[in-house]
Structure formats: C-alpha cells, structure tokens
Amino acid sequence: DAYSTVVKTKLLKPSPRSEHVPRPGLLELLDAGYDRRLTLIDAPAGYGKTTLLAQWLQAWEPDIPFAWLSLDDQDSDPVRLWKHVVEALRRVAPEDEWGADVLEGLGLVKTKHIDTVVPLLINALTDLPHRVVLVLDDYHCIQSSDSHEAISFFIEHLPNRVHLVISTRSDPPLGMGRLRARGEVSELRTEQLAFSEGEAAHLLNETMRLDVGADDLSVLLERTEGWPAAIYLAALSLQNREDKHAFIESFGGSNRYIVDLLAEEVLARFPHETREFLLRTSVLRRMTGPLCDAVAGVEGSSHLLRELAHSNLFVVPLDDPGEWYRYHHLFSDFLLYELESSRPNLAPVLRNQASVWAEGAGLFGSAIRQAIAAADDERVGMLISRHWFGYVLAGQAATVERWLEALPEASIDSDAALVLVKAWLCALSGRRGEAERFLALAESNSYEGRLPDGTASVESGIALIRGVFGLGGVQVMLEAAQLAAEMESKQTSPRTALAYLGLGLSLHYSGAISRARRPLEEGLRLSREGQPLLRIVLLSALSFVAGDEGHLEEAESLAREARGLVERFRLQDVPQSTSASTALGCALAKRGKLAEAQVELEDG
C-alpha cells in the first residue's frame, strides 16, 4: 500500500536553482558544524533552507555522499519513515553491505521500532567505510511522538560516520537543549537565513537584471525583513514594470504572489481555530496573551503565542520572558488583507476592543492608535483629552499633534478639552497667535466641571497656559499664574507643578526674584521622574534665580542637572530643552568661564 511502498522521488536530491544566490557565509557555517552530530536548519517557509542545502551538497559531492529524504505528512507513520530513511542511506552505500536486517525488522508487526529497527540501523551504519550526510528535509511534517522518540534515539547513538541534517519550519521535540549543552548541534535560524542587502542586490540586479537602486533595495529589505521568498516574488513582480520605485513603496502582504504563498504554505495548514486567531489578531502591532484574549475572544492566548513563535510561524518574540510578540511585517499585512477582504466590518470592532484593553493596561499610545485605525473619532478625542498631558511633559508633543491630525477640525473646535490641548501645543511651538485663537474658543465654550485630563476647569486650563507661556505680557502672566496656582493647588497633579512654574517664572520676570524661588522649588518637589521636560524647565528657571541672587555655584549645578536630563532623555530637539543650555551658559558667564559659556549659549 501507499505506506509501505518507497516513493523514490522523495529520495531525489535537489539541484540549485538557476537564479540561486551564492551564500558563502552560510556554507561556511554548515562546514563548521559538520563535525557535530546534528545540523538544524530552522526557519519559516520561503527562507531558502532546501536551496541552501542543495548548494552545500553540490559543493561537497562526490567527496562526501549525501543521503536525501524529503518528508511529508504520511511520514509520521514510523514504518514508512524508517523504510525511506534506510532506502535513502542504501543509495549512498553498497546494498550488499548492510540494510537487509533493518528492512526485515520493519516488517515485524506490533514491535516498537525504537527497540528493534533503529539499533539495527545504527549498528549497520557503524561499519560504513566512509562518512555520510543524511538530510531529513521538511521535518515539521512529522507529528508522531513515536517517530520523534525514535529519531531522538537515533541522534543520541549516531555513529561518527554519519552527520544528520534536519531542515524544518518549527523546533523539533528532539531534546535539543541536551544536544546544545553538549555542543553536539549546529543551528542556522531565521536571522541567519534572511537575505543581506548584498544578497538581495545579487538576486535583483545581477541574476534578474532589474536595476533596482540602493534606496529602493533598502526599502524592500525592510518591508520583507530579508525573507528570501518575498524578495524573489517581488523580483518576479518587478519584471517588465516601468515604475519600480512606486511598486516597491507599495509592496506588502496584499501582493497576489505573497497572498498565494502564505495562503497555501502557511494559513491553510492550520486548524480553523488557529486561523481565526491569526486573522483576528492581525489588527495588533504587538501582541501579548491578555490582549489577544480580549481581541480574539478566547482564553489561553499566551500559550498559543509561544507555540506559534516556537513553530516559526512568522511570529517574532520581542522580549526574553516571551510575553510580547509581533508578526513578520508581510505576514501581518497578509492577515489583515485577508480579514478586511472577507469581513470588512469586523476589523474596526477588533481595533476598538484592542483600544479598550490597551487603555486599561496603561498603554495609552496604543489605545489611541487603535481608535484612529478604527476611525472612531469620538473615542480618539476622548482618549487624547484624557492622556495627552503625560506625553507633552515627556517631550512628545509632536506625537500628540499627529493624533489630533486624525480628527476633523470641527470635532476639535467644539470640544473644550481638545481646544485646550491645541492651545497648549501651539504655545509650546511658539505659535502664539494660534494659541490665542484656541484660548478664545475655550473661553466661549460652556463646558463645566473638571476636564478629562484632571485640570480643575476650563478657566484653570486657560489660566495655566497664560501663566506658563506669558501670553498677554508679564502682568497678565502673573495674574493668570496666581489664579492657576490657587485653583490647581487643591489637587496634587502635574498641573500643580506647572502652576508653580508659571508663578515662579512670572515673579522672576516681574523682578520679584526672592519671591520666585519658593514656587519653583515647590514645583520641582511635585514634579516626577517621568516628566523630564517639566523638570528641565523648573531646574533652568531655578538656575536663573540662583544666578540673580548671586549663588553662582548653585546656579551652575542646577543648570548642569537640567542639561543632564536633556541628554539622558534625548530631548535635544525639543525647543523647551534649550532652557538648560541657556541657563548653563548664563551661570558659566557669571563665573567668568566665558569660552564654555559661549558654547552653551550658542547651542541654546
């Protein structure tokens, strides 16, 4: 029957493709592992595992004979598996020297092959007159625990005459930890098999003569993450195409070649529940178990994610504990394309579920991005008005600006909380006229009560902006800062520290230098480690005050502390961070260190 008959085509060794890319570095790695028991080549579909082995075989034969077996799903049957292994090996050794006893053992009924056949095979191989490489290609097809157990026994007792190569899409359950600990296995994985820029250039420009420029090549490599099959499919698509740049810019998981490859070689191989999980979680940039549970409507996603990463299903771990993962970029594009093609109304629902979970987990940026992708303007506005402040104080005002750009102008102008966010952003970037326009809009709004971000009221929010940025002049600034400090001092929040900053700055600008110190010190006390921008400005303001009071060492020390925060949090490109350089320059100048002062002041 089909299980007992040797399929001779499974024993045929592959020949290198005509358009193959030379990979001398990988061939050297294979050569280096030749003296160990096992070489494991472990990567997803399309990473050139078989092609690489064909190149290695061509480089060494006939000096070292290769016995080749291409496995399939039916080889989970131990009888079929070992019959093919024996026949593959008999092809590279004289038939009359060994093998007959092994084949006879395979005919025994109800006999555990690990106890009978495999020891016979090992004994026969021990007497081989020369070295042999046995290649088991597509080992992921083997699902039988009996077959895995027998292969493990085979590896454990493998004679020195035989080097085993296993090519697979997923980690095999063969006691790999023990083999690694003993230094008996050489491994090539996805990261080594991914194309380098030079290899991609060789395929596209030397082999296929497509004349792709360096910039476009770099984009393609980033999009594909070096996945050789995707680069080859892109090359096929580029043939006879005039605007190569436009195609590469748009190349993704919806490309028909990519869709066919992933649908046939990856997605179709999984049960319905796994396919449904993959499609539903395609809306996520990064994945963790509880998030996937919430989005996919299942339990046990953490375990499934680990299994998928373990099986090389284009699932990339993002941390050592194995809590966070992401999909390969093209695989993610493909899954999302499949989801939106088959169920276009489901993606926004899933994104909103992800947004709710992310907000609850404190991942506010992710929550907002998912709401934007779901085109849920109401939720986007609500999330921004709740969580914008922490991003601005961390120096990420540009991020908040991008979020707001996703909203229609009318929905911002009619929302007092968002109007005040816009006023803040305009004031921060020096657009004072626009800031005044948004403040006027806020003043005309009938919103009552505390704002979503915790600000005491619209009136307090307006006073805070005028009191910090000096809109309307120094006297208006002082009055507004006093009002904001009075209204915000009833709560302990980042706005309280800002109110004290405004009060200290306005007192300093008014000439009341001795009175300026206390509110600035109180603001610094209330500010937190995660608010570097606020602390930089407070420290700089205190440095100016200390310098004006004649405390020059203190002024320099405070300014250097502010400068250290700029460097530590890499805020050199944020305009407000220049206060640190300016404060340090002034302090150095007052201490007579003019050359150093000039450098800092010019930098500021």
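Here are legends for a few close-up views of this predicted model.

Before you zoom in: this is a predicted model, where local features need pLDDT of at least 70 and side-chain atom pairs count only at pLDDT 80 or more, while totals for chains, interfaces and linings use all residues. Residues are numbered from 1 along each chain as its sequence is written, and side-chain values use heavy atoms, with hydrogens and water left out.

**View 1. Helix H9 and the helices it packs against.** Helix H9 covers residues 197-207; helices (H or I, at least four residues) are DSSP runs, numbered from the N terminus. Glu199, Ala200, Ala201, Leu203 and Leu204 are buried here, and buried means under 20% relative accessible area with a 1.4 Å probe, protein chains only. What do the buried residues of H9 pack against? Their partners are helix H10 (214-224) and helix H11 (228-238), with contact meaning heavy atoms within 4.5 Å. As a handy rule, an α-helix has 3.6 residues a turn, so residues three or four places apart point the same way. Look just after H9 and you'll find Arg209, which takes a positive phi of about 50 degrees.

**View 2. Trp388 and its ring partners.** How many aromatic pairs does a search of the whole structure find? It turns up 12. Rings of Phe, Tyr and Trp (its six-membered ring) pair if their centres lie within 6.5 Å; planes under 30 degrees apart count as stacked, over 60 as edge-to-face and the rest as tilted. Trp388 and Phe389 are an edge-to-face pair because their planes stand at 85 degrees, with the ring centres 4.8 Å apart. Trp388 also pairs with Trp424, and this one is tilted: 6.0 Å centre to centre and 50 degrees between the planes.

**View 3. Arginines over rings.** A charge sits over a ring if NZ of Lys or CZ of Arg is within 6 Å of the ring centre and within 35 degrees of the ring normal. The charged end of Arg495 does this with Phe389, 4.7 Å from the ring's centre. Over at Tyr34, Arg131 lies over the ring face, at 4.4 Å from the ring centre. Tyr34 also belongs to a cluster: ring pairs link Tyr34, Trp56, Trp60 and Phe66.

Definitions and conventions. Buried means under 20% relative accessible area, exposed over 50%, partly exposed in between (1.4 Å probe, protein chains only). Helices (H or I, at least four residues) and strands (E, at least two) are DSSP runs, numbered from the N terminus.
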